[in-house]
Amino acid sequence: MRQRRLLRAWSASTIVLCTLLAGCTPGLAANPRFATNSGAGPQGQPAPVQADDGPPPIEAPKNDLSWRDCTTRVFSDASVTPLPGVTLECATYDAELDPINGAAGTIGIGGVRAKNAQPPADAGPLVMTTGSDLPTSTQLPIWLMRSGAEVLDSRPIVAVDRRGMGMSGALDCRDLYDRQAMMDQAQFQAGDDPVANLSAIAQTATTSCTDAIAPGDSAYDNSHAAEDLERLRSTWDVPTLALLGIGNGAQVALAYAGSHPNKVSRLVLDSGWPLGIGAEAAMEQRVKGEQAALDAWAAQCVAINCPLGPDPKGAVDAVLNQVRGFNTAGSRSVATVANAIATALAYPRGDRVAMTNELADAVAGARSGDWNAMNNLINTAEQLRDTDGQFVNTCSDSLNRPTPDRVRELVVAWGKTYPQFGAVGALQLAQCLSWPSGTTPPEPKDLKIPVLLLGGQNDPIVGNEGVGAIAATAINAGSANKRVMWQGIGHGATIYSPCALPPVSKYLDEGALPETDTFCPA
């Protein structure tokens, strides 16, 4: 049986300068602070935070979960060497199956707490979510390995997985054949209409998964993920939560602020989309981010004299053309290769040079017939971004989906505009066409805390336009905000840029925003 895999990509965000109305975002501060990877230097004395006017404190749980040590397991699952002095503990709690629509039952929500011996016993936790992008329990060890462990000196971090993912009961609802065919985007099916072929397979998968999660088939969207956080808050018996949302997790955190605006003490939104973004617009932003990340990677590849010579994008095209023409022994699909490349860019391992060379080696090997390294990237991408839980959650969040005929138009149009990723991104839209339609979570109103926004220039998961739109949401809710913009390649400035940590830490500790917007170098 031919071996194939699929993956997704992620994208980087840039600063959006806006215009006119109250729904638009103001431009960056006139005197933005430029930071380095060694951290930002002093920029003058910030105005003191007034106890009466500042955000509420981050309080420690009064009734904690039943944590159990899982240090070795979680670090190992994330392929990260355990960090000295850092303990990881796992726990689950019961949430209502559908508190919004009233379906009876409960569902288990899982999370991981990271801590060290430094903070006092009454230090309140930071709640982290990456939403449906990948399990938060997988991203947490990677952040700790890079720079996040410094946060533990002040407070523990609690990573909460979305329903059906990671520690929250990973779903297994698609037939093995359907799952593989969806990853391949039906490339190996008979006929000349991939949209029709993929839609038919996705319809079968939708039926299987909605049957498996019934009566909660409408309970896996951003609004319900936000209610799972509210159940955590009430279980802890604390007045507010301090939230860090990355990618789709930023939407979850924003949805929580919309439904529970007075129960948020800190709100850090990194590399997200606004709540009401439509499926087509979201996918085009992702594809733009994939192309921007590939361009930035190719420039780095040339600069460090990587194995692909002067034309790295040409080498990528050559590999994609191989699988487009069925010229490889393993019959890998265009979608699995494109998504493997995008995922490698979105979730880099090592520094810039190591990441650049790792992907270059994989492309060079595949071009010459040695697929071992590329197969590793394909397998990693599948494990990170193509689980059944992600299918259920991402389709539940997909709003205003295009018709099949519109998808066919986009396959042609985006294939020309975005040569490496456009057609794959357009076809991805067909996977959710049969899923029950969802609703947009309510926007935050009367938000009384400031919001810290982060984004990346070359983000292959969400692109670079979301920060400005989310800033508009915060402004419309009456909240001040500042931005930390990273110029590198990857999904999540908080995770991959050490220079983003000082403003995040200051905001968590003091509730104070930076005096200016901050730019972090690649």
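1. I begin with the cysteine C499, which is buried, because its relative accessibility is 0%, where buried stands for under 20% relative accessible area, exposed for over 50% and partly exposed for the range in between (1.4 Å probe, protein chains only). Its partner is C520, and the two form a disulfide with sulfur atoms 1.8 Å apart, a disulfide being a pair of cysteine sulfur atoms within 2.5 Å. The torsion about the S-S bond of C499 and C520 is about -100°, so this disulfide is left-handed. C499 lies in the loop between α16 (493–496) and α17 (501–510) while C520 belongs to strand β11 (residues 518–520), so the pair ties together parts that are 21 residues apart in sequence; helices (H or I, at least four residues) and strands (E, at least two) are DSSP runs, numbered from the N terminus. C520 is buried as well, with a relative accessible area of 1%.

2. On the basis of the model: this is a predicted model, in which local features need pLDDT of at least 70 and side-chain atom pairs count only at pLDDT 80 or more, whereas totals for chains, interfaces and linings use all residues. Residues are numbered from 1 along each chain as its sequence is written, and side-chain values use heavy atoms, with hydrogens and water left out.

3. A search of the whole structure finds five disulfides, and another of them joins C173 to C209, with an S to S distance of 2.1 Å. The torsion about the S-S bond of C173 and C209 is about 80°, so this disulfide is right-handed. C173 sits in the loop between β6 (157–160) and α3 (176–183) and C209 in helix α4 (residues 194–213), so the pair ties together parts 36 residues apart in sequence. Both C173 and C209 are buried.

4. C395 and C432 also form a disulfide, with their sulfur atoms 2.1 Å apart, and the torsion about their S-S bond is about -75°, so the disulfide is left-handed. The pair links distant parts of the chain, with C395 in helix α12 and C432 in the loop between α14 (422–428) and β9 (451–458), 37 residues apart. C395 counts as buried at 1% relative accessibility, and C432 counts as buried at 10%.

5. Strand β9 is mostly covered, with seven of its eight residues buried. Three bridges join strand β8 (residues 264–270) to β9, and these strands run parallel; two strands pair if DSSP finds at least two bridges between them. The bridge partner of D270 in β9 is L454. Seven bridges join β9 to strand β10 (residues 481–489), again running parallel, and the bridge partner of G455 in β10 is M485. From β9 the chain crosses through helix α15 (residues 466–476) to β10, and this β-α-β crossover is right-handed, in the sense that, with the strands pointing away from the viewer, the path from the first strand over the helix to the second runs clockwise.

6. The count comes to four cavities of 30 Å³ or more, a cavity being a set of points, on a 1 Å grid over the protein atoms alone, where a 1.4 Å probe fits but cannot get out. The largest cavity has a volume of about 500 Å³, a volume being the space filled by probe spheres set on the points, which are joined across faces, edges and corners.

7. The largest cavity is lined by 33 residues, of which W273, R286, T394, D397 and S398 lie nearest its centre, and lining residues have an atom within 4 Å of a point. The elements giving two or more residues to this lining are α6 (248–259), α7 (279–303) and α12 (388–397), and α12 gives the most, with five residues.

Definitions and conventions:
On a 1 Å grid over the protein atoms alone, a cavity is a set of points where a 1.4 Å probe fits but cannot get out, and a pocket is an open set with protein on both sides within 12 Å along at least five of seven lines; lining residues have an atom within 4 Å of a point.
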